[in-house]
Amino acid sequence: MHMPLYSPFPLFTLVGFTIHSVVMLSIAVRLLRRHSSRAVIYLGVGVLAYAVDFILITILFFLFPNTITKTHIFAFIASVLVPIGTLFLVLSVSAVNPRHEKIGWAVFILGCMSVWYSYSEVLLKLKDAMKIEYSYVHPAYPLAITQSQGIGGIVGTAIICLFFLYQAFQSTLIVRNRAIVIGVASFLLGVSSFYWMSSTPNMYLITHTVGPLGSIILAIGFFAFDMPRESSGSNSKSS
């Protein structure tokens, strides 16, 4: 299979995805190591899924040849890993209130079933390698999964954005400041998720510029404020 080696703007993309990878992994480790409430653990797992997404895509984009196997790995990441990460974010928000956690688990289970069905549909589309259409963002990235990757990121970041902005009006001043910063960062990351559906250089460059900016602001929100260890019975307003 003959393909160009890299994405349209390789150095630009490498820097942006490296920032995403480092920020998401750092936040996931912080959440999973320092907190014990279920809501924050679910949040950590969701962020970890996004971190693995960025790390794998960065490695695959630049260190491996473009083959049909690489295309199938991209399909799994976009159709399974990212949506499941988003479902953990939904579960995290529902777990803040114990009365809503069962509803969250129901949504999670139904969502997982939908994810696997969607993935099977993608595999059918990729069955004939000669008919695969490739997206603008990378010469081995299948067009059939750009919406899965983009929408998964948009929905996940929208949930986090709305949740933290809501918390900003329910908490003390120091927590409010953190919540506003995280909410704004999540909004920017949601906008940047349109990157996957880019079809022109302008859209590619604009969305990919917004993305690393969102990750940097997200890191400020999580690391520039004190985050005391939570007990299992505490809620997530302090996070």
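In this predicted model, the side chain of Ser186 places a polar atom 2.9 Å from the backbone oxygen of Ile182, where a polar contact is a pair of N or O atoms within 3.5 Å, one able to donate a hydrogen and the other to accept it, with residues adjacent in sequence counted only if both atoms are side-chain atoms. Ser186 belongs to helix α6, helices being DSSP runs of H or I with at least four residues, numbered from the N terminus. With a relative accessible area of 4%, Ser186 is buried; buried means under 20% relative accessible area, exposed over 50% and partly exposed in between, for a 1.4 Å probe and protein chains only. Leaving out residues up to four places away in sequence, Ser186 touches Thr157, Ile160, Cys161 and Leu218, contact meaning heavy atoms within 4.5 Å.

Residues are numbered from 1 along each chain as its sequence is written. Because the model is predicted, local features need pLDDT of at least 70 and side-chain atom pairs count only at pLDDT 80 or more, whereas totals for chains, interfaces and linings use all residues, and side-chain values use heavy atoms, with hydrogens and water left out.

Helix α3 comprises residues 68–95, and its 28 residues reach 40 Å from the first C-alpha to the last, close to the 40 Å expected at 1.5 Å a residue; the expected span is 1.5 Å times one less than the number of residues. A kink of about 30° is centred on Ile77 in α3, the bend at a residue being the angle between axes fitted to the seven residues ending there and the seven starting there. The helix is largely enclosed by the rest of the structure, because 20 of the 28 residues of α3 are buried.

Apart from neighbours within four places in sequence, Ala78 is in contact with Pro83, Tyr141, Ile145, Ser148 and Gln149, while its C-alpha lies 24 Å from that of Ile182, 104 residues away in sequence. Ser79, also in α3, is buried at a relative accessible area of 2%, and, with residues up to four places away not counted, Ser79 touches Val115, Tyr119, Val122, Ile145 and Ser148.

For α4, the end C-alpha atoms are 41 Å apart, which agrees with the 40 Å that its 28 residues should span at 1.5 Å a residue. Buried residues in α4 include Gly104, Phe108, Val115, Tyr119 and Val122, and the buried residues of α4 pack against α2 and α3.

**Aromatic pairs**

The structure holds 19 aromatic pairs, in which rings of Phe, Tyr and Trp (its six-membered ring) have their centres within 6.5 Å; planes under 30 degrees apart count as stacked, over 60 as edge-to-face and the rest as tilted. Two edge-to-face pairs are listed here.

| Pair | Centre to centre | Angle between planes |
|---|---|---|
| Phe17 and Trp196 | 5.8 Å | 70° |
| Trp116 and Tyr119 | 6.0 Å | 70° |

Phe17 lies in helix α1 (residues 10–34) and Trp196 in the loop between α6 (173–192) and α7 (201–223), so their pair ties together parts that are 179 residues apart in sequence. Both Phe17 and Trp196 are buried. Trp116 and Tyr119, by contrast, are three residues apart in helix α4 (residues 98–125), separated by about one helical turn. Trp116 counts as partly exposed at 44% relative accessibility, whereas Tyr119 is buried, with a relative accessible area of 13%. Ring pairs also link a cluster that includes Phe9, Phe17, Phe61, Phe74, Tyr195 and Trp196.

**Nonpolar cores**

In soluble globular proteins, nonpolar side chains tend to be buried together. Here a nonpolar core is a set of buried Ala, Val, Leu, Ile, Met, Phe, Trp, Tyr and Cys residues joined through side-chain atoms within 4.5 Å. The largest such core has 48 residues, of which Phe61, Phe74, Trp196 and Leu218 touch the most other members. The elements giving two or more residues to this core are α1, α2 (38–63), α3, α5 (146–168), α6 and α7, and its largest share, eleven residues, comes from α2. Apart from it lies another core, of eleven residues, among them Ala39, Tyr42, Val80 and Leu87.
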